[in-house]
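Trainee: I've just opened this one and I'm new to it. Could you walk me through it while I look?

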Amino acid sequence: MTRARVLLLTAALGPLDYRVPQGSDAPLGSVVIAPLGPRRLGGVVWEDASFGAPEAVGDNRLRNLYEVVAVPPIAAPLRRLVEWTSDYYLAPPGSVLRMVLPGVAFADAKRGVVEYRATGELPARMTPQRTVALEKIGDRQGMVRELAALAEVSEAVIRGLVNTGALEPVTVSADQPYQEPDSRFAPPDLSDEQTAASAQLRDAVHAATFETLLLDGVTGSGKTEVYMEAIAAAIDAGKQALVLLPEIALTEPMLTRFAARFGCEPVAWHSGLRSTERRRAWHAIASGEARVVVGARSALFLPYARLGVIVVDEAHETSFKQEEGVHYHARDVAVMRGHFEGLAVILASATPALESLAQVEAGRYRHIVLPARYGGATMPALAAIDMRQDPPD
């Protein structure tokens, strides 16, 4: 009989032992479905020695795993990151693992999903809730629960609109491939300072060893164009790249700038995605198909198949702090993920955090400075005003 220690997606328990059914294989990192009382919970096969010595359980008391899910195993570096985050931020390991394995990880990526969109026809009986729902839905589409959340009505209202023909079903495939970014699509015209800085970033990516680089550039110095050259180096090396942004609102402008540089948009990951979009993105990331991912802090815990570089844009922003659920600082966890994965982490900022500058002084981070604006533009003149002498109107 083969035993497997499984870390379940629950905050209440640590790893539990299960029996692997005969004929099945569940190596370390395998994503599984396991019984817990009457429930079926997802989990990951974990090392025996993690989280302390467990209670010895006889073979006759073990229950069988239900299923080994057909997704790539969670690699050892990411398992170490889960353990570190749990220990450092005093969070249940199962809660941290839930960020690695959201619900869409267990959905079949090849199976179509039914979403709904407005037909333009109004139902014979309009109620205030139906009116508000159709106004807020507009030309968007999504699953019933997503439209209900968007319109701030109950799911029964959305189903009523479906039954009256005001909303029509649309089958959406979550298995469509993403476009391949081209590192040579539109190379930028860099200044001498930008060229020197981008060369350091490219070399760090090609070295494939852990290093943290603080890209410290004044506003308008072209930090984005410089770190995009590090992304291009990762693409050329057959690796994946992750760009973390502090706000969802910044994602759309970044997608546009990326498309102008590499010929296609990167894969987005944030809370504003529909369920089908999240499912498609998660499976593409886990398989390695998604070459570049731009997202909010939660994108940091996704199971990248071959991650080559992490960029934290506007790394000084306090919104990288997660203050609900598992509390963590994405900037610091990004550095730790780079440590476990053995890759370059780039922190880009016009006003670096004091913690980052202290790491530079200690010799732990490499400091790359862009002191001037691109193209000869000058910084505005700044002066302090004593508001006791010159109060506002």
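Trainee: Where does Ile310 sit?

Mentor: Ile310 is placed in strand β13, which covers residues 307–313; helices (H or I, at least four residues) and strands (E, at least two) are DSSP runs, numbered from the N terminus. Bear in mind that this is a predicted model, in which local features need pLDDT of at least 70 and side-chain atom pairs count only at pLDDT 80 or more, while totals for chains, interfaces and linings use all residues. Residues are numbered from 1 along each chain as its sequence is written, and side-chain values use heavy atoms, with hydrogens and water left out.

Trainee: Is Ile310 buried or exposed?

Mentor: Ile310 counts as buried because its relative accessible area is 0%, where buried means under 20% relative accessible area, exposed over 50% and partly exposed in between (1.4 Å probe, protein chains only).

Trainee: And which residues is Ile310 in contact with?

Mentor: Leaving aside neighbours within four places in sequence, Ile310 is in contact with Leu242, Leu300, Ala334, Arg337, Gly338, Leu343, Ala344, Val345 and Ile346, a contact being heavy atoms within 4.5 Å. By comparison, Arg274 is 36 residues from Ile310 in sequence, and their C-alpha atoms are 25 Å apart in space.

Trainee: What about the largest nonpolar core, how many residues has it?

Mentor: The largest nonpolar core has 56 residues, and those with the most contacts inside it are Leu101, Leu242, Trp282, Leu300, Phe301 and Ile310; such a core is a set of buried Ala, Val, Leu, Ile, Met, Phe, Trp, Tyr and Cys residues joined through side-chain atoms within 4.5 Å. A second, separate core of 32 residues includes Val226, Met228, Met254 and Phe262.

Trainee: Switching topic, in what order do the strands of the open sheet with β6 run?

Mentor: That open sheet has 3 strands in the order β7-β6-β8, with antiparallel pairing, and two strands pair if DSSP finds at least two bridges between them. The edge strands are β7 (141–142) and β8 (167–172), each pairing on one side only. Strand β6 (residues 113–118) is joined to β8 by 6 bridges, and Val113 stands opposite Val172 in β8.

Trainee: How many cavities of 30 Å³ or more does a search of the whole structure find?

Mentor: The search finds 1 cavity of 30 Å³ or more, and the largest cavity has a volume of about 70 Å³. On a 1 Å grid over the protein atoms alone, a cavity is a set of points where a 1.4 Å probe fits but cannot get out, and a pocket is an open set with protein on both sides within 12 Å along at least five of seven lines; lining residues have an atom within 4 Å of a point. Grid points are joined across faces, edges and corners, and a volume is the space filled by probe spheres set on the points.

Trainee: And the largest pocket, what's its volume?

Mentor: The largest pocket has a volume of about 460 Å³, and of the 20 residues lining it, the closest to its centre are Ser271, Ala296, Arg297, Ser298 and Gln322.
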